[in-house]
Amino acid sequence: MENKLISVIISLYNKEQWIASTIQSVLDQTYQNFELIIVNDGSTDRSLEVASNFKDERIKIYSIDNGGVSHARNYGISKSKGNYIAFLDADDTWFKTHLEQLVEVSKNYNADVTCDKYTSGKINNEGTKTIKKIDNLLEYLSKSIFPFHLCSTLIRSAFIKKHNLLLEESLSIGEDINFLLKINQYTSFYLLDTYGLFYNREDDKGAMNFIGATYRKLPHFFKGVNLKLNKEKQVYKSRFLKNEYYKIAFQNRPIKFTKEEWQENIVKPDMPIASKIVHLFIRFVPEFIINTLKKIKPY
C-alpha cells in the first residue's frame, strides 16, 4: 500500500447539524496519511465552532467570504499539499475503507482518477470489488446513470496541475458534473464496484432537496468543456440535456410560473420544440399523471 499524502477538501457552509459526523468519517479512515482542509465559506450558523472543536494536527481550517462551493473547493486546492485530492461535502460521510481502497486502485492501475460508488441507503459492501474502466462518462449520463460522485473520487494532484483543472465558480448547480466532464477530456475513470460514500438526502437545504423562492434553470454542464464530439457522443449529449431539462420542470412545479422563467427555460434554451412542450407538460400537468408516467418510464 502506498502511503502518499491525500488532501481532503471540505467546503463548509451552514452545516452545523452534519459537519461533526462528516469530519469524524475522515478521521476514522483506515488510510491515515491525509490533511483535512476545511474551507469555511462564510457560514452564519455554528458550523465553524463545531469544526473547530476537533483537535487534530491534520485539520486545517480556513475562513473566507461566501463565494459558493466551487470557489471554496478551488481555494482548498490552492492550499493543498497532497499527492492526491479528495472532495467531501460537509453533510456527507465516507465509509471507513474509502481512501484506502482508492489509493490501492490508483497504484495497481496507474490511474489518475479512481472512484467508488455512493449510496443514500443501507448497503452491503461485501463483494468481488471488481474494477470498471469508464472511458465515456457522457454515455452513462445520457441514460440518467450517475455511477459515482465527485465526492467518491480520488484525483492525482499532478493531473489537476498538468491540465489546470478547476471548478467553474459561476456554476452553483451542476458544477460537479461539469468538473467530471472536464476530467474525462483527458483520462478515464477507474470505478471500484463497492461503496465509499454515503450521500445525505436528509438535509432539507441541500442542493438536491431545497425548493427556493426562484426557479431552477438548466445548468451550463458543458461550460469550459472542449469535447471532440462524434455523432454518437452528440446523441449522448442531447439525451443527457433533455433529461436534465425535464428534471428542472419537475423541480420547479412548486414555484409560481413567471415571465422570467418563461424566458429562461422556454425561450432561451437551445432545445427542440418537442422537448419544450414536454417541459411545459411536466411543469403544469396534475401530479397524479406525472406519478403514473414515472411508473411506466422514469425520466
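This is a predicted model: local features need pLDDT of at least 70, side-chain atom pairs count only at pLDDT 80 or more; totals for chains, interfaces and linings use all residues.
Gly-82 is found in the loop that runs between helix 3 (69-79) and strand 4 (84-89). With a relative accessible area of 11%, Gly-82 is buried, because buried means under 20%. Leaving aside residues up to four places away in sequence, Gly-82 touches Leu-5, Ser-7, Glu-35 and Ser-157.

A lysine comes next. Lys-182 has its place in helix 7, which spans residues 175-184. Is this lysine buried or exposed? Its relative accessibility is 9%, so Lys-182 counts as buried. The residues that Lys-182 touches, not counting those up to four places away in sequence, are Leu-165, Leu-166 and Glu-168, together with Lys-223, Gly-224 and Val-225.

Attention now turns to a pair of helices. Helix 8 covers residues 231-251 and helix 10 covers residues 273-284; their axes come within 8 Å and cross at roughly 25°. Angles under 35 degrees count as roughly parallel, and helix 8 and helix 10 are therefore roughly parallel to each other. The crossing in which helix 8 passes helix 10 is right-handed. Which residues make the contact? Helix 8 contributes Lys-242, Tyr-245, Tyr-246, Ile-248, Ala-249 and Phe-250. From helix 10 come Ser-275, Lys-276, Val-278, His-279, Ile-282 and Arg-283.

Finally, the cysteines can be considered. A disulfide is a covalent bond between the sulfur atoms of two cysteines. How many disulfides does the model hold? With a pair of cysteine sulfur atoms required to lie within 2.5 Å, the count comes to zero. Cys-115 is in no disulfide, and the nearest cysteine sulfur to it, that of Cys-151, is 12 Å away. Cys-151 is likewise in no disulfide, its nearest cysteine sulfur being that of Cys-115, 12 Å away. As for accessibility, Cys-115 counts as buried because its relative value is 0%. Cys-151 also has a relative accessibility of 0%, so this cysteine counts as buried.

Notes
Residues are numbered from 1 along each chain as its sequence is written. Side-chain values use heavy atoms; hydrogens and water are left out. Buried means under 20% relative accessible area, exposed over 50%, partly exposed in between (1.4 Å probe, protein chains only). Axes are lines fitted to C-alpha atoms, for helices over the stretch in contact, and angles run from 0 to 180 degrees between N-to-C directions. Helices (H or I, at least four residues) and strands (E, at least two) are DSSP runs, numbered from the N terminus. Angles under 35 degrees count as roughly parallel, over 145 as roughly antiparallel, 65 to 115 as roughly perpendicular and the rest as oblique. A crossing is left-handed if the near helix is turned anticlockwise from the far one by less than a right angle, and right-handed if clockwise. Contact means heavy atoms within 4.5 Å.
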